[in-house]
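Student: Could you take me through how the helices pack against one another in this model, slowly enough that I can follow each pair?

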Amino acid sequence: MKSVLSFMLLLFGCFSAISASEVIIEPEALTRLSDALLSLPLRQSERAKALDALKRERHSMPLSRKRSLMTEKIGRAYVAENLDSAMLYFNRAISEAKALGADDDLVRFRMQLYAMLPMRGITRESIDMFEDIDYATLSYENKRFYWQSAAELYHTAQMPYPDGIYKQAYLARTLTAIDSLKKYYPPQSPLIMYLDGHRSLLHGDMDMAVANFMEVLPELADKPELRAFAMMIVSDYYSDKPDSRQRYVSLLLSRAANSLGRGLVRPALLARLGEALIEEGEAELGRKCISLSLKTPDKSYADAYGRVDRSSYAHYLTDEATRSRRHLLVFSTLALLLTVSAAAVVFRQRRRVKALQSVVQNSEKYSTELLKSSDGEVQNSVNLAFFIFEMLQEFEVYVSRKLKTGQAKDLYSELEEGRYMRLQREKLFEAFDSNFLSSYPSFVERLNELLLPERRLSLPEANRMTPELRIAAFLRLGISDSARIAHGLGLSVNTVYTYRNRLRGRAVDRDSFERDLREIR
């Protein structure tokens with residue numbers, strides 16, 4: 001018995017030694033990030049309430065210039081979190097300014113809208129409309145807006161292009177716009193240094209760009225989006241410099257805490273931060289960041305500037321599941337060893353022997369079932385992750401082939417119309433249906449037990465689930481946000497609400513239906 005206990009303690013000691021890792025991150029920075037993650041729902045709620053208050057105030061106003069300016073303000077606020085909503089409000093502001101005959105406001109609203117369109121794939125049309133603006137007729141303030149919008153427009157337009165004549169042409173226009181914009185700020189303005197940093201960045205002079213951005217960062221506290229962009233460039237600069245690892249991680253921590261503190265989730269940033277934290281021994285906090293990154297879609301302007309294949313970070317979560325499974329196997333084996341050893345010591349005492357044998361049998365059965373279930377779920381999760389990765393590789397090859405053969409226009413058309421995405425979504429649904437029903441083979445049967453006999457569902461042929469069954473599957477997996485389900489299934493939120501209400505209407509007990517659904521094994 002003592003030898004078994006000593007063996008267990010030795011193993012525990014090994015696990016402690018393996019998991020230990022040198023922490024080089026300041027505790028204050030980790031605390032700030034942890035607090036920001038905990039308070040994120042509150043910050044998001046506060047942000048949403050502030051926007052709702054602005055929308056209610058606007059709605060209560062009669063048509064007037066004050067109302068159109070408030071519409072513009074709401075649009076600008078949405079740029080940081082939902083570009084589609086921002087464009088919706090700028091279109092409303094344009095309609096209001098047009099009805100009022102407010103020409104100066106009208107052209108300013110249009111310029112800001114045109115600058116956003118390339119972020120949604122509408123590039124050529126937005127440039128044509130922008131270049132139709134008669135610059136000579138603009139007011140002094142609108143001329144500043146003109147060059148600011150031009151810099152944003154051309155900078156975004158060049159991003160999808162490989163190095164070549166189109167990219168260089170748009171970069172040249174971006175630089176011209178930045179030089180023209182600088183004339184509208186006094187020499188001592190921090191925005192001059194920011195624009196100089198941006199100009200150096202476009203020229204490829206990273207050392208000078210980082211120097212400018214680092215110097216101006218303290219003066220951009222009242223311009224959070226400019227500050228976020230500058231910090232992103234600086235952190236990217238240090239990302240591949242081993243001797244500057246401390247500065248890189250510190251910048252990521254600061255960026256994440258700042259954005260989360262404003263109620264904003266930047267998925268690409270959190271994925272990189274999560275990876276860095278795991279590598280530095282802060283595995284739990286790192287996995288929280290990666291998990292939040294993977295489940296949060298980025299609908300803001302930032303996705304156009306910092307698009308990252310976040311699925312490549314999923315292995316940090318699946319690796320943890322594998323480690324947990326291994327630990328479970330070790331602990332189950334130790335439990336069996338301990339039980340068998342105890343049985344050998346008291347072998348002569350028949351009653352206790354029988355009791356211990358029963359414990360052994362139950363432990364073996366429980367361990368086998370638990371490991372089998374864990375193996376299946378982890379395997380299905382990894383298979384689905386591999387399938388998604390293969391889809392991304394296929395998409396990369398498809399895009400590369402289109403661009404190499406000069407079919408960029410066809411590619412943009414297909415992406416804008418959603419044809420390619422519809423095909424890929426169907427493939428993903430097929431893989432999801434197969435993996436889910438493999439993990440929960442009796443799911444439809446158990447679901448039907450919750451429904452009225454005359455209103456039960458049937459599984460279509462070839463194990464393909466209907467949208468209604470997929471929504472039930474998402475609810476079983478604990479995903480209850482209708483907006484997220486709608487985004488994942490390519491449906492409208494209203495359609496998801498309709499299906500959920502229809503499912504609940506079929507239930508024997510409507511009040512407890514979704515809770516009972518989550519308990520299906």
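Tutor: A crossing is left-handed if the near helix is turned anticlockwise from the far one by less than a right angle, and right-handed if clockwise. This model is predicted, with local features needing pLDDT of at least 70, side-chain atom pairs counting only at 80 or more, and totals for chains, interfaces and linings using all residues. Residues are numbered from 1 along each chain as its sequence is written, and side-chain values use heavy atoms, without hydrogens or water.

H9 and H10 pack at an angle of about 165 degrees, with 10 Å between their axes (lines fitted to C-alpha atoms over the stretch in contact, with angles from 0 to 180 degrees between N-to-C directions). That makes H9 roughly antiparallel to H10 (over 145 degrees; under 35 is roughly parallel, 65 to 115 roughly perpendicular, the rest oblique). In the contact (heavy atoms within 4.5 Å), H9 takes part through Leu171, Thr174, Leu175, Ile178, Asp179, Leu181 and Lys182, while H10 answers with Ile192, Leu195, Asp196, His198, Arg199, Leu202 and His203. Sorted by class, the residues of this contact of H9 with H10 are seven nonpolar, three polar and four charged (Ala, Val, Leu, Ile, Met, Phe, Trp, Tyr, Cys and Pro are nonpolar, Asp, Glu, Lys and Arg charged, the others, Gly among them, polar).

Now follow the chain to helix H14 (residues 267-279) and helix H15 (residues 283-295), which pack at about 160 degrees with their axes 7 Å apart, and which are therefore roughly antiparallel to each other. H14 passes H15 in a left-handed crossing. On the H14 side, the residues in contact are Pro267, Leu270, Ala271, Leu273, Gly274, Glu275, Leu277 and Ile278, and on the H15 side they are Ala283, Leu285, Gly286, Arg287, Cys289, Ile290, Leu292 and Ser293. The contact of H14 with H15 is made up of 11 nonpolar, three polar and two charged residues.

Finally, turn to helix H22 (residues 467-476) and helix H24 (residues 493-506), where the angle is about 80 degrees and the axes lie 10 Å apart, so H22 and H24 are roughly perpendicular to each other. Here Pro467, Glu468, Ile471, Ala472 and Leu475 of H22 meet Val496, Tyr499, Arg500, Arg502, Leu503 and Arg506 of H24. By class, the contact of H22 with H24 contains seven nonpolar and four charged residues, with no polar ones.

Terms used:
Helices (H or I, at least four residues) and strands (E, at least two) are DSSP runs, numbered from the N terminus.
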